[in-house]
Amino acid sequence: MAEPAPLTPCPPWLLPHWQGIYQRHQQGQLPHALLFTGMPGLGKRQFVRFVVESLLCQNMNEHTGACGACDSCAQLTAGAHADFSEVIPEGASQNIKVDTVRELVGWLQLSAPPGRYRAALIDTADAMNRNAANSLLKTLEEPGERAVLILAAGQPGSLPATIRSRCQTTMLSIADRNAAVEWLVAEGVSHAEQQLEHARVGPLGVLEQQTDDWQAAEQSLQKAWRDLLLMRASIGKIVESLSALPARRCLANFAQWSLMANKRHLSVPVGADPATLELISEVHSCLSSEQWFTFYDRIQQLYRSDSASFKTQAVLEGLFADIRLSTQG
Ligand SMILES: [Zn+2]
C-alpha cells in the first residue's frame, strides 16, 4: 500500500489544459488513452497525477479538479484507491518492465464500477522498453469499459509510433503565462518574465536554475565547451571537469548550443541569456553550419539513448574527439 498523500494541485500555468480535458469529459468525448508531452520543467508529472485524481473524483470541478471530500478522494489520500493503478520505473536501470505493463493491462480490462472511471497512470512512459511499450497495444485496441490510460513522456519520440498513434497526444505548454510569472515571483525569482522567456524550460525548470548548484554546473559546462572548441585544454581534462555532472544535463546543453551556433551561421535570431549568447558568439565560427547540425543530431541521439547502458566518460570522449577533429578540418 502506498503512503498517505495529499491530493495533487494543478500547476497553475497548465490549468487551461485541464479545462480542455474537463470539457471533453462533459461532452462524453474523453479518449481512453491520453499522452502528455512538453518541454522539461513544465510539471508534466504533477499535471498527469492531478488529471487522474480529478477524473476519479465524484465531484470533479472545472477550475479546481478533485473535490478532496468524496469517497474516491478519501481513498486517494489514503494511498489505496481500488480503481487507480500506476507504473513506475524500477531498479538501477530505471526502466519499466514488460511484466509490470502486462499486469497493468490485465487490470485495466476489468470493468469499472457504474458511472466511474478505472484509471492507470504511467508518468514516465519513455522509460518503457520496446517490449513493454508494445504490450500496451492490447489495451489501446480493446480498452476496458470506462478505462482511461494516462501517459506522460518527456521524450515521446522514444515511444513506438503504434503507441503514439493510438493515444490522443497533448503537447503541454505554458498555457497561462501570467499564472507562471506570478508563481515564479511568489517563489522569489527576480526578473521572472525575462527568465521564463529565455529559459527553454518551464517554470519549475526556471526555479531550479536559481540554485547555486545549477549556476555552478552551468559555468563548468560553458567553460568545457569553450576549452573544447578553442583548444584550451586536453579532452581528458575537459571530460574530467564534467565528471560530477549528469550525462543528460551535459548532452542537453551541448545539443542546445550546437543548434544555437548553427542558427547563428544562418543568421536566425538566437534567444538566450547574455552569458550563453557570448559563448555562442565566441565559438560558432569553429565549425561550419553543416557540422554544427551534424553534431546537434548526434548529441540528440545520445541524449535519447538508454542511459542505463551509458558509459558517460567514453561517450563524451568520443564526441569531443570528433568535434576537435572537425574544427581542424
Ligand atoms: Zn472528490
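In what order do the five strands of the open sheet stand? In this predicted model, the order is E2-E3-E4-E1-E5, and the pairing is parallel.

**View 1. The open sheet and its two edges.** Strands of a sheet pair through backbone hydrogen bonds, which may be of the parallel or the antiparallel kind. Here the five strands pair in parallel. Strand E2, made of residues 84-87, and strand E5, made of residues 168-171, stand at the edges with a single partner strand each, so one side of each has no neighbour in the sheet. From one strand to the next, the twist averages 15°.

**View 2. The pairing of strands E1 and E4.** Strand E1, which covers residues 33-37, runs parallel to strand E4, which covers residues 147-152, and four bridges join the two. Within this pairing, Leu35 has Leu151 of E4 standing opposite.

**View 3. Two helices on the sheet.** Helix H2, formed by residues 44-56, lies across E1, E2, E3 and E4, and runs at about 170° to E4. Helix H4, formed by residues 98-109, also packs on the sheet, where H4 touches E2, E3 and E4 and has a direction that makes about 160° with that of E3.

**View 4. Helix H1 and what covers it.** Helix H1 consists of 12 residues, 15-26, and at 1.5 Å a residue these should span 16 Å, which agrees with the 16 Å that separate its end C-alpha atoms. The buried residues of H1 are His17, Trp18, Gln19, Ile21 and Tyr22, and what covers them includes E1, H2 and E5. Just after this helix comes Gly28, which takes a positive phi of about 70°.

**View 5. Helix H11 among its neighbours.** The 18 residues of helix H11, 212-229, should span 26 Å at 1.5 Å a residue, and this agrees with end C-alpha atoms that are 26 Å apart. Its buried residues, among them Trp214, Leu221, Trp225 and Leu229, pack against helices H10, H12, H13, H14, H15 and H16. H11 is followed by Met231, whose phi is positive, near 60°.

**View 6. Asp227 in helix H11.** Asp227 is a residue of helix H11. Because buried means under 20% relative accessible area, Asp227 counts as buried at its 8% relative accessibility. Leaving aside residues up to four places away in sequence, Asp227 touches Arg232, Ala233, Ile238 and Arg324.

Definitions and conventions
Residues numbered from 1 in each chain as written. Predicted model: local features only at pLDDT ≥ 70, side-chain atom pairs only at ≥ 80, totals over all residues. Heavy atoms only, no water. Pairing = 2+ DSSP bridges. Axes fitted to C-alpha atoms, helices over the stretch in contact; angles between N-to-C directions. Contact = heavy atoms within 4.5 Å. Expected span 1.5 Å × (residues − 1). Buried < 20%, exposed > 50% of the residue type's maximum accessible area, 1.4 Å probe, protein only.
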